[in-house]
Amino acid sequence: MPSTTLIYDDWYPALRSERLRGTKLATAMLLGIPLVLGRRGDGQIFALRDSCPHRGIPLSCGWFDGRQVTCKYHGWAFEPVSGQCREIPSLTPSDTLDPLKIFAGAFPCEERDGHAWVFVPRSGRGRVRGSDALPAVPEAPKFGVRYRSAHLTADLPCNVDHGIIGLMDPAHGPFVHQAWWWRSKQSIHEKEKHFEPIPEGFRMSAHAPSGNSAPYKLLGVYGEPIMTTIDFILPNRRYETIRCGAKWFSSLTTVTPTTANHCRIDVVAAWNIFFHVPLVTSIAKFFGNRFVRQDQVTMIQQAEGLKHNPSLMLIDDADRPAKWYFALKQARLEATDGQRATLHPMPGPVTLRWRS
Ligand code: FES
Ligand SMILES: [Fe+2]
C-alpha cells in the first residue's frame with residue numbers, strides 16, 4: 001500500500017481513555033510514532049514517546065506507580081505529563097549530571113468523548129506543553145446535557161487519504177451499504193447538494209436529508225423538520241449534525257494515520273433522540289458496527305488492488321469533495337501557520353450533483 005504525507009501539529013485520537021486505569025500502561029501508534037499512555041494518580045492522562053531517552057528501550061516495558069514511569073533497563077524515572085526525568089539511580093553525589101534537564105518525549109494529551117487525544121507536533125518543533133496555545137481538542141457537538149453516546153472503531157489497511165476519501169464518497173453507499181433497512185441499488189436517484197468553504201474544510205450545507213434512508217425516516221416520528229449539516233475539517237474530521245426540533249444526533253468521525261500506510265476509523269456519536277426507548281444504544285451500535293464493517297471489508301479488498309500501484313482517477317461531481325480534500329491538504333502542508341485560513345480551493349458556495 002503506498003504511503004502518504006502526514007499532517008503534524010494537530011490532535012489525533014490515540015485510544016479509548018477507559019483503557020487508562022490504575023497503574024496500567026497502554027501503547028498506541030500515531031503517525032508512525034510509538035506511544036505509551038497512562039493515567040496519573042490525579043486523573044490526568046499522559047502520552048510519552050514509547051522510547052527511553054537513555055538507550056531507547058520502550059518505556060512501556062517498565063513500571064508505573066501512578067506518579068512516575070520507571071524504565072526497566074537502568075531505572076531512570078520520569079514524571080509522565082512533562083516527561084521530566086526525576087531520578088537516575090546510578091548517579092553518585094560526585095556526579096554533576098542534572099536528571100531534571102533530561103526529558104522523555106511527552107505529548108499534550110486530553111480526554112474528549114472517551115478518546116485520549118494526542119497533539120502530534122512536527123519534528124523539530126521542540127517540546128510542546130499542554131499549557132501552550134494549541135488548537136481546541138476536537139469533540140462531537142452536543143446540544144444539551146442529557147444524551148447518550150456510543151463509539152465504533154475499525155482498522156483500515158490503507159493510507160489515511162484513501163480512508164478519508166472513502167469517508168466522504170457519496171457514490172459507494174448504494175453498493176457497499178446495500179441493505180433492506182438502509183437503501184437499495186434500485187433507489188439510486190439524482191441528488192443535488194450545496195457546499196460552502198469553511199476554515200480548513202467544507203460544509204455540506206444544512207439540508208433535509210435524503211428521504212430514502214431508514215435512519216432519517218425514523219426521525220419523521222417527531223413530525224418536525226429535519227436538518228442535517230456535514231462538515232469536513234482537516235486533518236481528518238467529519239462532523240455530522242442532525243437536528244429535529246429539540247431532538248438531535250451528532251457524530252464525529254476521524255480517520256487517523258497510525259503509520260504512513262495504515263489508518264483507523266473512529267466514530268463517536270451522541271444523541272438525545274429516543275432517549276427513553278430501551279436498547280437504542282445497543283441497536284445503534286449493532287447497525288453502526290455493521291455499516292463501518294462494510295467500509296472496512298471494502299477497504300481491505302481495495303488494499304489488495306492498490307498493492308500493484310494502479311493509476312487511479314477522481315471524477316466530477318461525485319469525487320469533487322475528495323479533490324477539495326487533496327487541495328486543502330496540499331495548502332495546509334505548504335502554508336505557514338499565519339496563512340492557514342486564507343488558502344482555500346473553493347472560490348465560494350458550490351452545488352454538486354450526483355446519483356446515489
Ligand atoms: S534505557 Fe532507560 S534507563 Fe537506560
Ligand atoms: Fe461507507
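**Close-up 1. Arginine charges over phenylalanine rings in the predicted model.** In this predicted model, the charged end of R127 is placed over the ring of F103, at 3.6 Å from the ring centre, where a charge sits over a ring if NZ of Lys or CZ of Arg is within 6 Å of the ring centre and within 35 degrees of the ring normal. Because the model is predicted, local features need pLDDT of at least 70 and side-chain atom pairs count only at pLDDT 80 or more, whereas totals for chains, interfaces and linings use all residues. Residues are numbered from 1 along each chain as its sequence is written, chains are lettered from A and ligands numbered from 1 in the order in which they are written, and side-chain values use heavy atoms, with hydrogens and water left out.

**Close-up 2. The aromatic pair of F195 and W324.** A search of the whole structure gives 13 aromatic pairs, a pair being rings of Phe, Tyr and Trp (its six-membered ring) whose centres lie within 6.5 Å, with planes under 30 degrees apart counted as stacked, over 60 as edge-to-face and the rest as tilted. The pair of F195 and W324 is edge-to-face, because the ring centres are 5.3 Å apart and the planes stand at 65°. F195 belongs to strand β13 (residues 190-198) and W324 to helix α5 (residues 320-334), so the pair ties together parts that are 129 residues apart in sequence; helices (H or I, at least four residues) and strands (E, at least two) are DSSP runs, numbered from the N terminus. Both F195 and W324 are buried, a class that means under 20% relative accessible area, with exposed over 50% and partly exposed in between (1.4 Å probe, protein chains only). F195 and W324 also belong to one aromatic cluster, together with F202, F232, Y325, F326 and W354.

**Close-up 3. The salt bridge of R125 and D9.** The structure holds 21 salt bridges, each being a side-chain nitrogen of Lys or Arg within 4 Å of a carboxyl oxygen of Asp or Glu. In one of them, the side chains of R125 and D9 meet at 3.0 Å, N to O. This pair links distant parts of the chain, with R125 in the loop between β11 (115-120) and β12 (148-156) and D9 in the segment before β1 (10-16), 116 residues apart. R125 counts as partly exposed at 30% relative accessibility, while D9, at 7%, counts as buried.

Close-up 4. The closest N and O atoms of R40 and D42 are 2.7 Å apart in their salt bridge, in which R40 is partly exposed, with a relative accessible area of 22%, and D42 is exposed, with a relative accessible area of 55%. In the salt bridge of D231 with R203, the closest N and O atoms are 2.6 Å apart. The latter pair links distant parts of the chain, D231 lying in strand β15 (residues 226-233) and R203 in strand β14 (residues 201-207), 28 residues apart. D231 is buried, with a relative accessible area of 10%, whereas R203 counts as partly exposed at 28% relative accessibility.
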